[in-house]
Amino acid sequence: MSEELLARIKSPEDIKKLDLPSLELLASEIRHRIVSTVEENGGHLGANLGVVELTLALHSVLSTPRDKIIWDVGHQCYTHKLITGRQDRFHTLRQWGGLSGFPLPAESEHDHFGVGHSSTSVSAAAGMVIARDLQGEDFNVVAVIGDGALTGGMAFEGLNHIGSLGKDIIVILNDNEMSITNNVGALSDYLGRIRSHSFLYQAREGLAAILRGIPLVGPPLAKLAHKVKITLKHMLPGQFFEELGFAYLGPFDGHNIAELQRAIRAGIQRRGPVLIHVYTQKGRGHALAEESPHRYHGVGPSRGSAEKNGPSFSQVFGESLVKLAERNSRIVAITAAMRDGTGLGPFAKAFPERFFDVGIAEQHAVTLAAGMAKEGLRPVVAIYSTFLQRGYDQLIHDVALQGLPVVFAVDRAGVVGDDGATHQGIFDMAFLRPIPGLTILAPRDGSELAAMLAWALQQPGPVAIRYSRACAGSIAPRAAFQPAQPIPPEEVKSGRDGVVFAFGPMVDVALEAARSLEPELSFSVINVRTLKPLDAASIQGAVRGKKYVATVEDHVLAGGFGSSILEMLQEVVGGEPRFKVERIGYPDCFIPHGSIARIHEEYGLTARQVAETLRKAAGHRLQVVVSRDS
């Protein structure tokens, strides 16, 4: 398909010069570019195809960067990027050194707020509105939030606050009935009723216009008009938002550019807080994405992947949990709009009455689990590492402080690759480790994950099991861990000169590195498995007689695994350690987007680089040979 019109768009100002037929043609060209790029690079497909017309309408009416558009989550910003001067770099989307898949202020002046997690747009936009008015400036602020993100409590905190202030702000509710999978809960049902009664809005607005045109004579008529206005307000299937202080407009067809333009202009002229409700189709224009929007929410790249074949940790977790739940009716599973991503699809199908998807509401998910555990159930909360951050207070206050037996399946721990800094799961050890009474486990492979899950569900207190996005490796059944005993470290290689402590998939990296140094240098490799509490006797035994100690982790060094080993060794040996501990992991920074293999290469976490670091730490000059797979 030709993209001649798109090629001429250098900035949003060029959008304003186009008539309606040209904008519709441009929408078609943009869809073609998005599909071809995402098929090559991977990325968020469905959400972006759903907001093409909405994005064009916004930029044709507003004047960015003076006017501010705040995208919630930001995974739907591809059209925005294409028309704000970045289409010549769009082929680098989500690649190392290329365009981010999310809004990034460092990338463009048209990206007004960095984002990657949900439910933040209204609060950020409210802050900008307040700053605008305090500083005497004049520009429009628009927050674009999906119906899935609206389930997050922070979205309601923002609506509640800014709605009471009466300030000029526009919130566009992009209603596609989806987050990653189908939305759940009473709010989703409410929006469905609004969509099914949209004709009432048109009727109310028409009658209100007629009443406004009738001259009022005297207080009785004015009082009557006010009563009619209140009655009409309660006719509107958007009364909930009106009660929060917003003028409700809609719902409108989110793929009708002319209708959207009129709605946005009406919202600007209305003044005060305005909510514009638009309904869109996720995956619009792509037959397979329209038919299965959940499957085409995020799409992997077509180019060769460095990932090995085999089930993921998420799949092993989900299948293992089903087997355990078949034998224990008290086991329940909770997730926050991540049923399939966390591997809980089979559980939801097998035990629908024991599966709870709470929507994008991690805080609620954690405290919900606490309440269940208090009443004797065995809840398992499956949340990505990067999203567990959002339920941190609840984890401390509602679970750990009461010592409740909640199991946290911390998925996507470590770097996740192309989604970038907002999604890298490299902080969980640092924020989980200080919590008293919380046990932290890390499986090397699928067989360990299955055994750890069974062990965790028999513990009297909270347990977090962190695992990566990678292939799970071995899934052969292994001997169960004894529930009355901690899970001990495992020596996977013995050595005379030094010892490397590692956990999770990094164990295999450390093992390959250590083998490549033989026979000149001989390192033991320890699969630690239980990251908290560390086994002091085992750590002491592993370092006894060794000259060199190293740690390897797919995590930030600050407050992470290496730090815990350092602290343990200082306690074990007393005073100053007799040896230096070489910590290998991520520095004190946010890790950008790129493939997992590229990120590991950039930050020294391949087997070849780990071997080189060990060699330098030992002061040896060796020729290190590592297999091509590293």
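Which residues in α7 meet α8, and which in α8 do they meet? Keep that in mind while you get oriented. The model is predicted.

**Whole chain**

Show everything as a cartoon. The protein has 26 helices and 19 strands. Colour by burial next: of the 630 residues, 57% count as buried. Now consider contacts between residues at least 6 apart in sequence. Of these, 76% join residues at least 24 apart.

**Stop 1: α7 and α8**

Select residues 121–134 for helix α7 and residues 153–165 for helix α8. Their axes come within 8 Å and cross at roughly 30°. Angles under 35 degrees count as roughly parallel, so α7 is roughly parallel to α8. The crossing of α7 past α8 is left-handed.

Now show side chains and settle the opening question. From α7, pick Val122, Ser123, Ala126, Val129 and Ile130. Facing them from α8 are Met154, Ala155, Gly158, Leu159, His161, Ile162 and Leu165. Colour this contact by class: nine residues are nonpolar, three are polar and none is charged.

**Stop 2: α17 and α19**

Move to residues 362–374, helix α17, and residues 392–400, helix α19. Here the axes come within 9 Å, and the crossing angle is roughly 10°. The pair α17 and α19 is therefore roughly parallel.

Which residues of α17 and α19 make the contact? On α17, select Gln363, Val366, Thr367 and Ala370. On α19, select Gln394, Leu395, Asp398 and Val399. By class, the contact of α17 with α19 has four nonpolar residues, three polar and one charged.

**Stop 3: a five-stranded sheet**

Trace the strand order β14-β16-β15-β18-β19. These five strands form an open sheet with mixed pairing. Which strands lie at the edges? Select 490–493 for β14 and 581–586 for β19; each pairs on one side only. Look along the sheet: neighbouring strands are turned by 25° against each other on average, direction ignored.

Zoom in on β14 and its partner β16, residues 523–527. The two strands run antiparallel, and three bridges join them. In this pairing, glutamate 491 stands opposite isoleucine 526 in β16.

**Stop 4: the helix on the sheet**

Bring back helix α22, residues 506–517. What does α22 touch in the sheet? This helix packs on the sheet and contacts β14, β15 (498–502), β16 and β18 (548–556). Finish by viewing α22 together with β16: their directions make about 170°.

Definitions and conventions: Residues numbered from 1 in each chain as written. Predicted model: local features only at pLDDT ≥ 70, side-chain atom pairs only at ≥ 80, totals over all residues. Heavy atoms only, no water. Axes fitted to C-alpha atoms, helices over the stretch in contact; angles between N-to-C directions. Helix = DSSP H or I, 4+ residues; strand = E, 2+ residues; numbered from the N terminus. Parallel < 35°, antiparallel > 145°, perpendicular 65-115°, else oblique. Left-handed = near helix turned anticlockwise from the far one by under 90°. Contact = heavy atoms within 4.5 Å. Nonpolar A, V, L, I, M, F, W, Y, C, P; charged D, E, K, R; others polar. Pairing = 2+ DSSP bridges. Buried < 20%, exposed > 50% of the residue type's maximum accessible area, 1.4 Å probe, protein only.
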